[in-house]
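Please look through the notes below with the model open beside you. They go point by point, and each can be checked by eye.

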Amino acid sequence: MHKSKFKPAFLRNRDTALLLPVLIIGALILLSGFSFLIIFDDTINPFKQMYLMPWVVLLGIVIAAPNVYLIYKGRFNFFHPLVFAAWSYFIPAFFVGGLLLAAGLSQPFYLTFVEDERYNLPLTFVYIILGYGGLTIGFFLPYGKKIADKVNTRLPVWDWKPQNIYFPGILLLFIGIGNSIIAFGLGILGYQKVDAIGAYDGLIFLLTLLWLEASFLLWLSVFRNKTYNITHVLIIVLILATSLTKSAFQGNRGSLFQLFILIACAFILSGRRIEIRHRVFGACLLVLAIVIGMIYGTTFRNVKQTEARIGIEEYTENIGQTFDKLLDQDLTDNLSEGISALTERIEGVSSVAVVVSNYEKLEPFEESYGLKNNILIDSIYFFIPRPLWKDKPVGSEPRKYADLYFNYSENSFAITPMGDLLRNFGPVGVPLGMMLLGFILRIIYVSLIENQKFSFWRTTLFYMLLTSVSYEGFYGTIIPYMIKYGFISVVGIVLIWFFQPKAIKTIQVSNEKTYLMNPLFKS
C-alpha cells in the first residue's frame, strides 16, 4: 500500500499541511513568551493581571480543540460553523481580548462595575469556556446529522448555471438597494436610531437583506466560472461599488470586515481550491478591511457625534466631511486612531464580566426595564407581525440593557449569548443554550453544505443563516433572526428560480449522497 495512505487527512491536504508548521511555530513562540514572563518578578512583569493567564490559555485550548480536530480530519474550512464562530468572534474578543486585559492594555471605564475582579473575571472565562464548549458538544451530537440527512432528502435539487444568475441577481440587488434607501430615510439603517419602532420597520429591514443576498449570489456566480470576460468585470465593479457605498453610509466600524467575510465565503464555498497565495492575499485584505473600517467608522462617528436621525442630504454631507477629515489628517494619526479603536473594540471579556458580576443584583430591576425573560419573550412573540400587534414587546433591547448594566444608554455594549443565557437561566443555562445552538447549526450545515453537490441556492441560504448568528448580541434574538433571515432568503431564491430556464425549474429530490468538488466539505 502507498505510504500516503497512512498519513492523516490533514497531511494529505497540501495547503493545510503547509499551514501546520506555522501554527506549531506560533504556539511555541507564545508558550516561550508566557514562560519568560512568568519567571519574572511582578514588578517588572508587563502582565499586571497575571492571574488571568491560566484562564486565557485554558480558553485557547478549548477553542483550538475542534479546530485541530477538523484539521486532522481534513475538513477544516473557515466557514464551518465552529471555525467561523471561533475566528470571527471567540478568538479575537475573548482570547486576544483576554491577553489585552491581562496585559493591562484594555481598561474600559465599565471595568469598575465588576466587583471583586479576582473572582468575577476568572468566572467570566469559565462561562465563556462553557459557552464555546457547549456549542461544540451540541454540534457534534449525532442526532443533528440524522435529522439533517432526513431534511436533505426532501430539499429540491436545482442545477443553476452562473450565466442564468446574472440578470435575476442584479434585479434582486436593486430591489434590496431600493428598500435600503427607504430604510436610511426612516432611520432604520446607518448610524442613527428611531425614537419608536414603526409597524413596518421590521419588514422594511428584512427587505434590505435582499441586497446582501444578491451580492453574495453574484460573487458566487462569478467565482464559479473558470474564465472571466467583460461581463464578469462589470458585475464585480457593480457589486463592489454598491457594497462600498453601503459601507460608507452605514458608518459602521465593522462594515468592511463584513464585506470581506461575504467575498471570502463566496470564494471558498464556490468550490475553488484554496492555495497559499489566496491565503496570503486574503490575510492582507482582512487586515486592511479591519484597520480601514475602524479608522473610517470612528472618524464618521466623531463627525456625526450622535445617533440622532437626520435627513439623507445631511447624512451624505457627514460622509463627505469624514473623508475630508481623513485626507487632512496625517497617516500616522489615522493609523493610531484605528489601532486604538480596534484595541478598545476587540476586547469582549470586560463587558461580559459586568453581567457576571451584577446579574443577580440587578435581576429585580430588569422587569421595569423590559428585559426580564427576554429570551422567552422574543422566542414566543417574534412570529406575530408588528402591524397586527403594534405594541408588541421587545425583550432584547440593547439601549435598555446598556442603561441598566452600564449606566450609559447612548451606546450598545456586547452582552453575548453566554451573558444573556446567564441572566435568564443562571449558570446551567449557558452550556445548555449553546448546545442547542450548536445542534441547530449542525442541522443547517449538513443539510446545505456538508456532503452536498454544489448548489447556488443551498450555499446562499447557508451564508445568510450562518451570518445571522451574532455572538456579540442577545441569545434571545438568534433563533428569531435565523427564521427571519431564512424566510427572506427563500423569497430571494424563489425570485431567482422564477427566471431560470424551464428545464431547470423542475423540482428534483435526490436521496443519493453527492459531494462538492472541494474535499474540505466531505465528512
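1. Phenylalanine 498 is exposed, with a relative accessible area of 52%. Phenylalanine 499 is partly exposed, at 33%. The classes are buried (under 20% relative accessible area), exposed (over 50%) and partly exposed (in between), with a 1.4 Å probe and protein chains only. Phenylalanine 499 lies in the loop between α20 (478-498) and α21 (502-505). Helices are DSSP runs of H or I with at least four residues, numbered from the N terminus.

2. This is a predicted model, in which local features need pLDDT of at least 70, side-chain atom pairs count only at pLDDT 80 or more, and totals for chains, interfaces and linings use all residues. Residues are numbered from 1 along each chain as its sequence is written, and side-chain values use heavy atoms, leaving out hydrogens and water.

3. Phe498 and Phe499 also belong to a nonpolar surface patch of about 470 Å², together with Phe167, Leu171 and Ile175. Patch members have over 30% relative accessible area and no salt bridge; nonpolar side chains (Val, Leu, Ile, Met, Phe, Trp, Tyr) are joined within 5 Å. A salt bridge would be a side-chain nitrogen of Lys or Arg within 4 Å of a carboxyl oxygen of Asp or Glu. Areas come from the Shrake-Rupley method with a 1.4 Å probe. Helix α7 (residues 166-186) gives the largest share of the patch, three residues.

4. How many aromatic pairs does a search of the whole structure find? It finds 38. Rings of Phe, Tyr and Trp (its six-membered ring) pair if their centres lie within 6.5 Å; planes under 30 degrees apart are stacked, over 60 edge-to-face, the rest tilted. Tyrosine 401 and phenylalanine 474 form an edge-to-face pair, 5.7 Å centre to centre with 75° between the planes. This pair links distant parts of the chain, 73 residues apart. Tyrosine 401 is in helix α16 (residues 398-406), and phenylalanine 474 is in the loop between α19 (456-468) and α20. Both are buried. The rings of phenylalanine 498 and phenylalanine 499 have centres 5.5 Å apart and planes at 85°, so that pair is edge-to-face.

5. Tyr401 and Phe474 sit in one aromatic cluster with Phe109, Tyr110, Phe113, Tyr405, Phe406 and Phe413.

6. Asparagine 120 is in helix α5 (residues 117-140). Asparagine 120 is buried, with a relative accessible area of 8%. Beyond its neighbours within four places in sequence, asparagine 120 is in contact (heavy atoms within 4.5 Å) with Val114, Glu115, Val356 and Ser357.

How values were computed:
Helices (H or I, at least four residues) and strands (E, at least two) are DSSP runs, numbered from the N terminus. Patches are made of residues with over 30% relative accessible area and no salt bridge: like charges are joined within 9 Å, nonpolar side chains (Val, Leu, Ile, Met, Phe, Trp, Tyr) within 5 Å.
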